[in-house]
Amino acid sequence: MLSAVPESESLAAAPGAADVADVAVQTFALSLRYGARQALSGVDLAVPRRRITALIGPSGSGKSSLLRCLNRLNDEIADARVDGRVLVGDTDAYAKDTLLHDLRRRVGMVFQRPNPFPLSIHDNVAYGLRLLGIRRRRELDERIEAALQAAALWDEVAARLDDSAFDLSLGQQQRLVIARAIAVEPEILMLDEPASALDPAATLRFEELLHELAQRYTLLLVTHNMQQAARVSDFTAFLHQGRLVEFGDTDALFTNPRERQTEDFITGRYG
Amino acid sequence: MNARRYGAAGTWLVAGLSGVCVGAIVLLFGFLASAGLAPFWPAPVEAVQLRDGSTVLGEIVASEATGLSGALAIRTSELERMGSAYQRVRSSDIAARSQPADAVAITLVDGRRLYGRGSDGEEALLAAAAAPVQAIEIVRPNALGVLARCSVFFHRLARFLATPPAASNLVGGVLPALLGTLTLVLLMSLIVMPFGIATAIYLHRRRGFAARCVRIAINQLAGVPSIVYGVIGLGLFVHGLGGGIDRLFYADRLPVPTFGGGGLLWAALTLALLTLPVVVVSVEEGLARIPSSLREGSLALGATHDEALWTLLLPAARPALLTGLILAVARAAGAVAPLMLVGVVKLAPALPVDGVFPYLHPSREFMHLGFTIYDAALASADAIRGVPRAYACAGLLVGVVLVLNLTAILLRNRLRDRYRALET
C-alpha cells in the first residue's frame with residue numbers, strides 16, 4: 001500500500017530526514033475544501049514517530065485544518081470535503097471500515113484554548129478511559145495518576161482530584177487536557193497552538209513538558225511562534241495557503257531554507 | 001449632550017416601568033392575600049337590635065351604602081341549609097349594635113354556621129341543628145384575644161389545606177384540588193420533558209427540510225389557544241386513545257367508560273402538548289449555548305455523538321432544562337380551560353393518588369385549584385362564601401406555582417455556578 005504511493009519529495013530531500021524510517025502519520029495528496037474555500041491542497045506530509053514536528057505558517061495557511069483532517073474532526077463540519085489519503089499507522093483514516101471513535105482515540109488532540117469539561121479533575125481524565133469501557137476503580141485511578149504524572153500535573157492536583165477542573169489556572173488546565181488526551185494512549189498527540197494562552201513562564205515549563213512527552217509520543221505541534229518551533233521541534237513543516245511548502249529537520253529549515261517563501265516567512269519579511 | 005439627555009430619560013422610563021411591574025406584583029399578592037385570607041380570621045359576632053324590638057345575631061358579611069341610608073347584610077344561624085339565613089337590615093331600622101362577649105359561633109361539618117349567646121348556648125344550638133352532623137369549631141370570637149384569634153386563624157388555614165371539601169365544594173378544605181393540581185403538574189412534567197428534550201436534540205442536530213417543518217410546527221403549537229388543546233385532548237386522548245383502550249381491554253364494561261372518560265392521564269397529556277413548545281425552545285437554546293469546544297473535545301477523545309450528548313452536553317444543558325421545566329409548570333398550572341374538557345370535575349369521588357395499589361390512578365377524574373376558583377367565583381350557590389374562597393384558591397395556586405418555581409430556580413442557580421466557567 002505504502003510503496004504504491006510516491007515518496008514525498010520534501011521528506012526524501014530534506015537533510016536529516018533520511019533517518020526517519022518510522023512514520024506515525026502520513027498524508028497523501030490531502031486536500032480540504034470548506035464549501036468554495038480551498039483550505040488545503042495536495043499536502044504530502046510524513047510525521048516521524050516519537051519526534052516533535054512543528055507546523056508553522058501564517059494565519060489561514062491551513063495548519064489547524066490539517067490537524068482536523070488527521071482525526072477527521074472536519075467530518076463534523078457540514079460542507080467540509082476531504083480528498084486524498086491519511087494513514088495513521090497502518091490504518092487508512094478515511095476508509096469506509098475505519099471506526100471513527102477508534103481513530104480519534106488513536107489521534108489525540110489538544111485544542112488552542114484549554115477546554116476542560118465541567119467535571120472534576122479526576123473525571124476529566126477519566127472521561128476517555130470510561131469511553132473505552134474501563135470501569136474498575138483501581139485501574140481508573142492508576143491510569144489517571146500515570147497520565148497526570150506524564151503531564152507534570154500530578155503533584156499539584158493529587159490532593160484535590162475531586163475539585164472542579166475550572167478551579168485550575170489556565171496553565172494547569174492546559175496540562176489537564178493533555179493528561180486527558182494521553183490517558184487513552186494515543187499514537188500521536190496533536191497540539192493546536194497550545195501555548196498561545198499561557199504566560200512566558202508557563203510557556204517555558206510547557207515546552208519542557210513537550211520534550212518529556214516526546215520520549216513516548218509522537219507530537220504534532222501547530223504554532224505561530226517561530227522561536228518556539230525552533231526551540232522545541234525536531235522537524236518543521238511550513239505551510240502556506242494550504243500547500244506544504246517545505247518540510248525538514250528544524251535546524252536545517254531555519255538556518256538554510258530551500259524555498260524562498262520559507263525564508264521570507266522565518267525572517268519575518270512575510271506573514 | 002443629546003445622548004446624555006436621552007440616556008437620563010431612558011433610565012427614568014426603565015425605572016418607572018420596572019416600578020410599575022413590581023407594584024403590580026405587590027398589588028396582586030397583597031390583594032389575593034387580604035381577600036383570600038379574610039374568611040379565616042374569626043369575625044366578630046354582632047347582636048343587632050332593631051327598632052321593632054327584635055334582635056338579630058350573626059356575622060356582618062357586607063355593609064352597603066345606598067343613598068342616604070345604608071344597609072347591613074348579616075349571616076344568622078343557618079338552621080336548615082347553608083346560605084339560607086342571610087338578612088338584609090336597613091341602617092335606619094337599627095337601634096343599637098353590640099358585640100356581646102358571650103356570643104358563640106359554631107361551624108358544622110357541612111359548612112353551616114350557627115350563632116348563639118350565653119354560657120349554655122352551645123348545646124342548645126347544636127340541638128337546634130337537629131341533624132347528625134358534628135361541630136368542627138366552636139369559638140367565642142368576641143371574647144378572644146389576639147393570640148387566640150391567631151390560633152383560630154391558623155387552625156382554619158390548616159383545615160383549608162388539609163381536609164376535603166364539604167357542601168359541594170363551597171366550604172371545607174381544598175386538599176383534593178391541591179393534590180390534583182400537584183399530581184397533574186408532576187405527571188405533565190414527566191411526560192413533556194423527555195419529548196421536549198428529544199425534540200430539542202433533533203432540532204439541534206438536524207438542519208434539513210424535515211427539521212424546518214418540525215420547527216415551524218412547534219412554533220405554531222405555541223400560538224394555539226389553550227381551549228383548542230382541550231378539544232384536541234378530548235378527541236385525541238379521551239375519545240380516541242381512551243375509547244380505543246376501552247374497546248380493546250374493557251369491552252365487557254362498556255358503555256361505562258374506564259379510560260374513555262376524562263381523567264388525570266389525558267389531562268396530563270393535553271397539558272404536555274400545550275407546554276411542549278416552551279420546553280423545546282428553551283432546551284434547544286441551552287444546547288446551542290454550549291461551546292462547541294466541549295463537543296469537539298469529547299469527540300476528539302473518541303466519543304460518539306450520542307456519548308458526547310449523554311455524558312457532557314445534556315448535563316451541561318441542565319440549567320436550560322430546568323428553565324424549560326419552570327416555564328412549562330407555570331403555563332400548565334394556570335391552564336384551566338383545556339382541563340374542563342378532559343377530566344377536571346367540581347367534586348371528585350376519589351383522590352388521584354392514595355394508599356391503594358397502584359397508588360396513582362391515571363384514569364380517575366380529579367379536582368383542580370384553577371377549576372375550583374372558577375367554580376367558587378361563578379358557579380357557587382352562596383356568593384358571600386364563594387368569592388373569598390375563590391381568592392383563597394387563587395392565592396394558593398399562585399403559591400404552589402411560586403414554590404415549584406423557586407425550587408427549580410434554586411436548583412438551576414446551583415448548577416449555573418458549576419457551569420459558569422463555560423460561558424466565557
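**Entry 1: chain A overall.** I began by noting that the model is predicted. I then looked up the secondary structure of chain A and found 11 helices and 10 strands. Next I took the box around the C-alpha atoms of chain A, which is roughly 55 × 45 × 35 Å along the principal axes. I also checked the radius of gyration. A compact globule of 271 residues would have one near 18 Å, and chain A agrees, because its value is 18 Å.

**Entry 2: inside chain A.** I looked up burial and got 48% of the 271 residues as buried. Then I turned to contacts with a separation of 6 or more. Residues 24 or more positions apart account for 69% of them.

**Entry 3: a helix pair.** I picked H5(A), residues 137-150, and H7(A), residues 170-183. Their axes come within 8 Å and cross at roughly 130°. H5(A) and H7(A) are therefore oblique to each other. I noted the crossing as right-handed. From H5(A), the contact uses A:Arg143, A:Ile144, A:Ala147, A:Leu148 and A:Ala150. From H7(A), it uses A:Ala179, A:Ile182 and A:Ala183. By class, I have 7 nonpolar residues, no polar ones and 1 charged.

**Entry 4: where the chains meet.** I found 17 residues of chain B in contact with 20 residues of chain A. On the chain B side, H8 (292-300), H9 (305-316) and H13 (383-423) each supply at least two residues. The largest share, 6 residues, comes from H8(B). I sorted this side of chain B by class: 10 nonpolar, 4 polar and 3 charged residues.

Notes: Residues numbered from 1 in each chain as written. Chains lettered and ligands numbered in written order. Predicted model: local features only at pLDDT ≥ 70, side-chain atom pairs only at ≥ 80, totals over all residues. Contact = placed C-beta atoms within 7 Å. Helix = DSSP H or I, 4+ residues; strand = E, 2+ residues; numbered from the N terminus. Nonpolar A, V, L, I, M, F, W, Y, C, P; charged D, E, K, R; others polar. Rg over C-alpha atoms; globule rule 2.2 N^0.38 Å. Buried ≥ 20, exposed ≤ 12 C-beta atoms within 10 Å, placed from the backbone. Axes fitted to C-alpha atoms, helices over the stretch in contact; angles between N-to-C directions. Parallel < 35°, antiparallel > 145°, perpendicular 65-115°, else oblique. Left-handed = near helix turned anticlockwise from the far one by under 90°.
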